[in-house]
Amino acid sequence: MDKYILGISAFYHDSAAALLKNNEIIAAAQEERFSRKKHDPRFPFNAINYCLSEAFIESDEIDMVVFYDHPLLTFDRLIKNFITAGDKGYELFEEAMKSAMGIKWWVNDYVKKSLGNIGKENKIFYCGHHMSHAASAFYPSPYKEAAILTVDGVGEWQTTTLGYGKDEQIQIHKEINYPHSLGLLYSAFTYYCGFKINSGEYKLMGLAPYGIPKYVDLIQKELIDVKQDGSYHLNMNYFGYIDSNRTINENFEQLFGGAARKSESRITQKEMDIAASIQKVIEDAMVKLAKHVRDITGSENLCLAGGVALNCVANGKILKEKLFKNIWIQPASGDAGGSLGAALLAAHQYYKFKNVKMQSGIDLQKGSYLGPSFSENEITAFLKRHNYPFIKYETTEQRNISLAKELKDGKILGYFDGRMEFGPRSLGARSILGDARNKDMQSLMNLKIKFRESFRPFAPAVLIENVHEYFELHESSPYMLLVAPVIKGRRISQQERNPTDDMLSIINEERSDIPAVTHVDYSARVQTVHKETKPDFYDLIKAFKNLTGSSVIVNTSFNVRGEPIVCSPQDAYLCFMRTEIDILVLQNFVLYKEDQPPLLHDTEWKLEYELD
Amino acid sequence: MNLIKMNSNDDRIKDFFVYHISALHKNMKGQTSCYLDLGFKQDKQSYFTSPLYPQHMNISSLPIESERQLADYLNELWREDPKLLDLIPDLIHLAFILKEEYREQTAELSPFIYAMF
């Protein structure tokens with residue numbers, strides 16, 4: 001008898017649902033994609049409905065519902081935190097109590113409201129936050145046994161865990177607990193540099209290569225003590241989150257010579273140097289943690305998850321150290337992926353399904369294309385209902401030949417094909433694409449398409465068989481979670497830089513023959529594209545290669561700043577029309593901007609999205 | 001403490017804080033034991049600890065739909081910490097009041113609170 005297991009993550013940042021049939025992942029999606037509210041923390045009613053529809057089942061066919069976190073253990077932390085904080089913490093306490101006892105404890109009620117029942121097991125199940133991260137990393141990985149490292153802001157108490165997975169079992173061996181947290185440390189610097197916590201961490205990482213890591217010693221002396229085994233403590237005299245809703249306090253600001261940068265104000269060399277410094281501290285700590293988990297488990301395989309595992313630069317350092325033969329990182333490493341981990345844990349530990357691996361060595365994440373897709377009939381109906389002019393190609397091959405020419409001519413494509421990605425990265429199902437050889441592409445895409453900061457780098461999507469011809473990377477990186485340098489032969493040497501140089505002039509320097517995806521330090525956040533998991537996207541890049549000789553294109557998420565990645569044809573069309581994307585590709589339907597009627601009454605759309 | 005007589009939920013939370021949390025904080029002041037392990041320890045080789053609640057890491061149910069179930073659960077969770085056991089009756093009462101008021105309002109609390117607690 002088949003078992004349907006629904007995993008849910010909610011009430012933190014990025015709610016999500018995931019559905020398994022026995023031990024197979026059927027569907028997974030973040031609530032934000034449906035609600036159109038970025039990092040939506042609310043209960044994922046829409047994502048759950050989607051998962052059921054993908055499996056063609058009714059809610060009463062769900063066997064088990066598993067929540068990815070243990071609300072009463074988080075509450076245990078809350079109470080003990082505020083007893084420690086005393087009267088200074090009252091304001092924070094009031095809000096935290098409303099959140100915990102008003103909302104987070106009552107998962108049962110939300111599930112009943114969503115499904116009309118709580119599954120055939122007749123009770124909701126829970127697991128530890130970091131266990132759900134560990135499960136999300138180990139079970140879908142290609143490995144039968146692996147060391148597991150999870151690092152995030154905070155779960156119930158844990159912020160870092162070291163564990164080991166073998167067959168169906170996962171053991172957590174060691175942990176670091178709140179308030180000591182690499183995730184919260186990085187968030188503190190994100191805030192100090194003027195970016196938004198829980199979404200600006202990526203910007204800080206992107207800013208780091210512009211700076212000089214001159215504050216590393218200061219950070220290591222005053223803020224964090226990292227032992228040889230990677231364990232660490234923070235000096236809470238500099239942080240505010242125990243008794244206020246600020247991650248940092250005035251001591252922190254004094255230490256770095258002034259108040260936090262105001263959001264949207266000019267970025268100075270100081271922010272760049274601070275970003276470089278904290279990035280280096282995090283990388284060093286992550287490498288030490290990885291070494292230690294290897295030493296205590298003896299495994300040659302590493303599985304990574306938790307929000308800090310989205311720091312692909314740190315992941316690249318672990319890779320470079322050659323500590324492990326193989327590394328696999330859960331693409332939905334943040335809290336959204338906890339829904340998947342919780343469901344997988346139930347499948348293997350409660351229902352005892354075997355943790356079967358593919359002979360081919362391919363993982364079980366299905367390329368992370370686990371979200372909704374839209375049929376040809378649905379897209380036709382959408383386009384005809386609105387009278388949007390389009391060209392329909394009979395075959396994907398014909399379409400790709402045409403699109404390759406457009407890319408070569410400098411056109412920017414909004415590319416929508418197949419099932420939506422699960423996780424924060426666009427991997428060729430909901431992507432904006434451009435020619436990586438074009439030196440103007442980075443600033444054009446940042447300023448006129450994404451409406452975001454000009455320093456932010458773009459990622460290359462490259463055919464797996466050609467990756468070594470462009471990057472110092474000999475592994476696959478299908479989820480865009482590893483950073484590797486562009487090979488030396490493709491680099492263009494830079495002039496000596498003056499610390500007072502304007503940032504824009506640095507950004508616009510041509511650094512390689514694929515300048516749009518070469519960051520200031522020659523690094524690139526690589527996505528290897530595989531025929532097995534994404535044939536349409538692979539074939540498009542192949543067509544581009546046949547035309548130009550280049551196997552690399554720019555791949556960035558199909559959204560504007562502050563907007564969740566598009567989910568439906570309607571979302572895609574709106575984003576296409578609101579930006580300077582030239583061509584919208586809805587599977588084999590291709591729409592040209594100049595053919596489209598203007599969007600009426602849509603002048604205020606930027607107000608819909610809070611800047612991240 | 002009688003939470004029922006109070007006017008608003010904010011007052012109830014405040015009184016709970018003053019009566020229980022603040023009082024426990026004052027009682028603990030100056031003691032070496034603390035709920036949060038703060039500070040650098042230069043003499044230590046490692047800051048790692050064994051899992052704090054290993055029994056709750058794996059799949060388990062959480063029967064807290066009634067006040068009685070919730071009381072049983074918290075009593076078990078805090079059984080080695082008598083100071084916290086005194087919180088339970090008022091805590092449960094407050095929880096069921098807040099449940100009615102806030103469960104439909106998930107978008108209105110600050111993202112910071114969501115992320116941290």
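**Lys366(A) is partly exposed, with 17 other C-beta atoms within 10 Å.** On this scale, with C-beta atoms placed from the backbone, 20 or more such neighbours within 10 Å means buried, 12 or fewer exposed, and anything in between partly exposed. The model is a predicted one: local features need pLDDT of at least 70 and side-chain atom pairs count only at pLDDT 80 or more, while totals for chains, interfaces and linings use all residues. Residues are numbered from 1 along each chain as its sequence is written, chains are lettered from A, and ligands are numbered from 1, both in the order written. Lys366(A) sits in the loop between H13 and helix H14 (376-386) of chain A. It isn't a glycine, yet its phi is positive, at about 55 degrees. Helices (H or I, at least four residues) and strands (E, at least two) are DSSP runs numbered from the N terminus.

**Here's another positive phi in chain A, at Asn387(A).** The angle is about 60 degrees, and again the residue is not a glycine. Look for Asn387(A) in the loop that runs between H14 and strand E13 (391-392) of chain A. Asn387(A) counts as exposed because 7 other C-beta atoms lie within 10 Å.

**A cis peptide bond joins Tyr178(A) to Pro179(A).** Omega for this bond is near 10 degrees. Pro179(A) belongs to the loop between E8 and helix H7 (182-192) of chain A.

**Helix H9 (residues 216-223) of chain A packs against helix H11 (residues 269-297) of chain A.** The angle is about 60 degrees and the axes are 8 Å apart; axes are lines fitted to C-alpha atoms, for helices over the stretch in contact, with angles running from 0 to 180 degrees between N-to-C directions. H9(A) and H11(A) are therefore oblique to each other (under 35 degrees is roughly parallel, over 145 roughly antiparallel, 65 to 115 roughly perpendicular, the rest oblique). The crossing of H9(A) past H11(A) is right-handed, that is, the near helix is turned clockwise from the far one by less than a right angle. From H9(A), Val216(A), Ile219(A) and Gln220(A) meet Ser277(A), Ile278(A), Lys280(A) and Val281(A) of H11(A) (contact: C-beta atoms, placed from the backbone, within 7 Å). Sorted by class, that contact has four nonpolar, two polar and one charged residue (nonpolar: Ala, Val, Leu, Ile, Met, Phe, Trp, Tyr, Cys and Pro; charged: Asp, Glu, Lys and Arg; polar: the others, Gly among them).

**Helix H6 (residues 129-138) of chain A crosses H13(A) at roughly 80 degrees.** The two axes come within 7 Å. That angle makes H6(A) roughly perpendicular to H13(A). On the H6(A) side, the residues that meet H13(A) include His129(A), Met131(A), His133(A) and Ala135(A). Seven nonpolar and seven polar residues build the contact of H6(A) with H13(A), and no charged ones.

**Domain 1 of chain A touches domain 3 of chain A.** Domain bounds come from an automatic or database assignment, which gives chain A domain 1 (4-68 + 71-126 + 335-363), domain 2 (182-326) and domain 3 (376-608). Between domains 1 and 3 of chain A, the C-alpha centres are 32 Å apart. Ten residues of domain 1 are in contact with nine of domain 3. On the domain 1 side, strand E3 (24-30), helix H1 (32-35) and helix H13 (336-350) of chain A each give two or more residues. H1(A) gives the most, with three residues. This side of domain 1 holds five nonpolar, one polar and four charged residues.

**Chains A and B meet through 69 residues of chain A and 54 of chain B.** Elements of chain A supplying at least two residues each include helix H3 (71-85), helix H5 (107-115) and strand E8 (169-177). H4(A) has the largest share of this side, at twelve residues. Overall, the chain A side splits into 36 nonpolar, 19 polar and 14 charged residues.

**Tyr73(B) sits in helix H2 (residues 67-77) of chain B.** Tyr73(B) is partly exposed, as 16 other C-beta atoms lie within 10 Å. Leaving out residues up to four places away in sequence, Tyr73(B) touches Leu72(A) and Ile64(B). Its C-alpha atom is 14 Å from that of Tyr53(B), 20 residues away along the chain. As for the rest of chain B, there are five helices and one strand, running α-β-α-α-α-α along the sequence. Of its 117 residues, 26% are buried.

How values were computed:
Two residues are in contact if their C-beta atoms, placed from the backbone, lie within 7 Å.
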